2 protein chains.
Amino acid sequence: MADETRAHEVSATHQNNESQANQPQVDATRHPEGATKDAPSSLRADVEAINKLERHLYAHRYAEKSSETYGMTIDPPKATADRGEALAILCEEDHDLLCSSRMGTTLNRLTANASQLDPITRAQVRVLKRSYDAQVNVDPNDDASLTRLLTESDGVWRRAKLSNDWASFEPYLDRIVTLMRRIAHERDPRRDAYDVWLDEYEPGSSCEFYDDFFAQVKDAVVPLLMDVRTKRAPSRACIEGRFDPNRQWLLAKDIAQLEGVDMDAYWLTATEHPFSEALTTHYAITAAHVHENDVMSNVFTMLHEGGHNLYEQGVNPAFNYTSLSGGSSAGMHEGQSRFFENYVGRDRAFAPTLLALLQRHFRGQMNRTTPQQLYLAVNRVEPQPLRMEADELTYPLHILVRYEIERMLFSGEATAKDVPGLWSQKYKSYLGVLVPDDTHGALQDSHWADGLMGYFPGYALGGAYGAQLRDQMIADGLDWEGTLSSGDLAPIRDWLRDRIWQYGRSKDPAELIWSACHEHFDATHYTNYLQQKFSKLYNL
Amino acid sequence: MADETRAHEVSATHQNNESQANQPQVDATRHPEGATKDAPSSLRADVEAINKLERHLYAHRYAEKSSETYGMTIDPPKATADRGEALAILCEEDHDLLCSSRMGTTLNRLTANASQLDPITRAQVRVLKRSYDAQVNVDPNDDASLTRLLTESDGVWRRAKLSNDWASFEPYLDRIVTLMRRIAHERDPRRDAYDVWLDEYEPGSSCEFYDDFFAQVKDAVVPLLMDVRTKRAPSRACIEGRFDPNRQWLLAKDIAQLEGVDMDAYWLTATEHPFSEALTTHYAITAAHVHENDVMSNVFTMLHEGGHNLYEQGVNPAFNYTSLSGGSSAGMHEGQSRFFENYVGRDRAFAPTLLALLQRHFRGQMNRTTPQQLYLAVNRVEPQPLRMEADELTYPLHILVRYEIERMLFSGEATAKDVPGLWSQKYKSYLGVLVPDDTHGALQDSHWADGLMGYFPGYALGGAYGAQLRDQMIADGLDWEGTLSSGDLAPIRDWLRDRIWQYGRSKDPAELIWSACHEHFDATHYTNYLQQKFSKLYNL
C-alpha cells in the first residue's frame, strides 16, 4: 500500500488527521447540514440529495446482506432461485439509485467543492463517487446476471464440496470469471481485470502491489519454514480427542464473549464454511462450524470471526445509515480477525486463559494439560492442505496459491478445468503437501462460488496490517503480555477502536495505517514477527 | 361474506369460473403478453409496465417479509431500531413504486380495458388497483411511522408479556390505534376506520358482516357450551406429563412432514408466539414453541401452522413474482390452518395416526393410551384464559372478546388502559373464566403489537370456511374417515390445492367459496358441525 499511486492520498489524509486533532470522535465534526455554514444553498441541496440516496442504499444493503446471510445459513434448498431473483432486482434498483445522470452531476459538483464540506460529508462524497465511477458504465443486466449466478453457484459449490465433485462446479467457476472479467472491463477498460477486483476489495492495491508484498513474505517464510522443518515438531496430543458438539457451541459463545463481542448485537449460527457479516453496528453475525474431532478449529474460527464482529460493532454508529458503515477494506477487516486469531489467540501469554476456558467446558479432558503444552500445540508448524486449519507460518503460502491461480484465471492462462492440477502442483511446490482430493483442495473455500475473486490476498495482507498495528500498540505503551495474561482484552479493543474501527470506511487502509502508526504500511513488521516467534519457538 | 355488497363480485366470478372450465391450471390461461392478441399496442405497453412494477414489488416483499420474520425469531435485541428504519425506507419505496400518477393512469386504463386482458393479468390488475386505491392517498410518512412503531412495539410486547407488565405496552397500543385510525381515514374517509382494516384482511368484510356472523356463532355455541358443562368432562390424564423439549422439536418436524409440508421449501424455527410466513411457494416458514409440560400444544401448533405452510406452498408457482402470490385473505388462510388443526387433528379417525407418532417419540410415556382416550382428551371442552390452548368449541368466544375490544378501541369507546378490565369482564361473561394476569390475558397474543388489528375475526371465520369446505369435500365423494385413518392426507391436500390453494390471490374469498362449494358462504356448516360433534361426544 506504500506504492507511488497512493502518495497523494496519504498526504492529503495526513492533513485531515492533523486538523482533527482536537476532535477524536468522528461524528463531532459533522454539521447538521453537511456543508459549512457559508456554503451556497445549491451545495446544501446537493448534500441533501446524497443524504436521501444514502438512506435508500442503506435499506437495500440491509435487505441484501440479510438475504445473503440467511441464504448461506438457514434457507431451504428450493428457495435459492427466488432469493437470487429478489437480490438481482434489488441490485438493479441500487444501480438506478446511484448511477442516475442527476446523481452523477451532484457527485461531481460536491467533489469539486469538497473543501466546503465537513469532513464526514467529504468522506461520504469520496466513497459514493468511487462507487459511482466503478458502476456507472456497468451494464445493470451483467450485475443482475452475476447476482443470480452467485446465488445459484453457492449451492452448487456446497454440494460439490460434500461429494468431492469438481466437475459440477467447474462450469460455474468459468462463468463467474467470464462475467467478472466483463464487468471489470465495463468498470475500467484501461485496467487489467484482476487489478480492478483487487482494488475493489483493497482500495489502492493492484497486482504490482501484491507481487511486491508476496515476494517479501516468500523471502522470509520459505527459508524459515525449511529451518523449522529440520526440528522436531511439538506434540498436538493435548488438543486431540473427541469434543461434544453441543458443548462446543457453548464454548463458541464464551469465546466471543471473552473476546468482547457485544452479545446483544450478535447472532451466532451454523454453516458449512464459517463467515461473518454485519448489518449495522447493532447486528454482527458469525456463522461457524464445529467438528467433533477438532476443538481448536472451533476456538480459532471463533477468535477470527469475533475480530470481524468487533470491527463492525466498533464503527461509529453515526455511520450506520451511510456508505461509511462497515470496515475500510478486506485487508483491514482480515487485519482485525487475524489479530485476534493469531496475535492474541496464539500468544503464550493468552494460553492460561484459553486453557481455563477449555477446561471449564470439557472437564476431565484437559485436566493435565499445561498452558505451555497448549501454546506449543497450537503453534505447531505443519504443512497440510487446508487453509482454515493452517498454522500461522504456512498460512500466507495458502493465500499465495489462490492469488496465483486467480491471476491465471483472469489473464486467460488457465480455465476452471486446469484448477485442480494447478492447485496440486502449487501445494506441492510451496508447501510440500500432497492434496488428497478436491474437497480438501480447490473446493475447500466458498469464496469463488460467492464471487469473492480478488478477496484472498487480503488475508495475507491483513496479517501484515495486524503485525504493524501490534508493534505500534506496544510502542504506545500498551502492556501486551499483561493484557493477554489478565484475559481482559479491553485495552487492546480500546486501542483498535480508537485508531481503526471507529472510522469505518471514512478512511482508506493506507490512511488508517498512516494515522494509527505514523508511518506507511511496511510488511517487515510481519516478517520480523514471524522470524522472531518461530526462531524462538523452534530454537533456530 | 354472503352480504349484499358482495353480490356483484360473486356473480362476476361465477362467469369467470365457468369460462375457465376447461382450464383447471390457472397459468395455462396466461398469454405471454398479458393482453389478448388483438389488443392495441398501448395496452400491451401498460401490461409491460405493471409486469415491471410486479418485479420490484416482489423484491421488496421478499426483503420485507424476511426481515420481519428474522426480526421475530433470531435478530438480537439491539438490531430492532435499524431493522425498523430499513423497513420504513423500503415501505416508502413501495409507495413510490405503486402510487405514482403514471401508475394510476396505467391501472385505470387497464381496468377500463379488462375484457381484453387474459384472466391472470385481469386478476393482477384487480389486486394492484385495489392496493393502489387503498394506498394512493395515504401519507407515506404515516406508513413509515407505523412500520417503525411496530418494529419497536413487538419487542416491547415481548418483554411486557414475560414480566406481566401491561403498563409498559399500554402507550404503544394507543399509538398503534391512533396511527392506524389515521391511516384508515386517509385510505377511505367515508368508511369506519375499523371496517377499513377488516376489509384489508378479508376483502368484502365489515363490522356488519362480522356482527351477523358472530351472532350466529354465539347463538349456537353459548347454549351448547352450557349443555356440555352439565356433563362430566373427559380426562386429560393421558396427555399430561413432562415431554423432553429436544424430542418435541423432532416431533414437530415429523408432524409437518406427516401433514405434507415440502421440507425442502421450509424452515422450522423457534419464537415466543408461533406464526407462519412464506416468502414464495418455495420458502414456507413456521416459528413454533415447545412447552415441556404440554406436548399437545406443540402438536396442534404444528398442525395449525402446517396448514398455512401447505396453502402457501400450494399456490401456483407462476404467481411467485406477482401480487397474486400468497393466500387470498386472512380468513381463508386461517380456514386452511384450522382445517388441519381441528377437522383433521381433532377427528376420531386421525387419533391412531397421531398416537402412533407420539408413542414413537416418547416411548414409555403413552404406551397404555388408546386412540379413544387421546381423542377424548384433545376434545375436552374447558373454558380457560388462553386462546392458543382453547378447545374447538370455546375458541370462537376468545375471538369474539378480541373483536369487540378492537371495535371499542377504534371507535374511541375505550383506550389501552381500559383493555385489561374489559378483557377480564368479557372472559368472565362469555367463558366464565377468571383471567389470572395480563400475561395470560390481554398480553397473550402478539397481534396488536404487530399491527394486526382487524385480523382476529378471520380466525373464527376461517373455522367456518373450513367446515363448509369439509362438507363439500365429503359431498364430492372424498372418503373422510378412510383418508384420516390411513394417515396419508394426500386426497385432502389435492382437493384443497385444486379448489383453493392454487388460486393464490387471483380469487377473493367469496369467489373461492362459490367456485369450490357452488354456494355462497354459509356459517351453518360450522354451527352444525359443532353441534353434531359435541352432542355426540358429550351424549347430549
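Chain A of this predicted model holds 21 helices and three strands, where helices (H or I, at least four residues) and strands (E, at least two) are DSSP runs numbered from the N terminus. Its radius of gyration is 23 Å, close to the 24 Å that the globule rule gives for 540 residues, so chain A is as compact as a globular protein of that length; the radius is taken over C-alpha atoms, and the rule is 2.2 Å times the number of residues to the power 0.38. The C-alpha trace of chain A spans about 70 × 55 × 45 Å along its principal axes. Of the 540 residues in chain A, 61% are buried, meaning under 20% relative accessible area, with exposed meaning over 50% and partly exposed in between (1.4 Å probe, protein chains only).

Residues are numbered from 1 along each chain as its sequence is written, and chains are lettered from A and ligands numbered from 1 in the order in which they are written. Local features need pLDDT of at least 70 and side-chain atom pairs count only at pLDDT 80 or more, while totals for chains, interfaces and linings use all residues; side-chain values use heavy atoms, leaving out hydrogens and water.

Turning to charged pairs, the whole structure contains 64 salt bridges over all chains, each a side-chain nitrogen of Lys or Arg within 4 Å of a carboxyl oxygen of Asp or Glu. In helix H12 (residues 330-344) of chain A, A:Glu341 and A:Arg338 lie three residues apart, about one turn of the helix, and form a salt bridge with the closest N and O atoms 4.0 Å apart. A:Glu341 counts as buried at 8% relative accessibility, as does A:Arg338 at 2%. A:Glu404 forms a salt bridge with A:Lys426, with 2.8 Å between the closest N and O atoms. A:Glu404 belongs to helix H15 (residues 395-411) of chain A and A:Lys426 to helix H16 (residues 419-431) of chain A, so this pair ties together parts that are 22 residues apart in sequence. Both A:Glu404 and A:Lys426 are buried.

E1(B) pairs with strand E3 (residues 283-288) of chain B in the parallel sense over five bridges, and B:Tyr266 stands opposite B:Ala284 in E3(B).

Conventions: Pairing = 2+ DSSP bridges.
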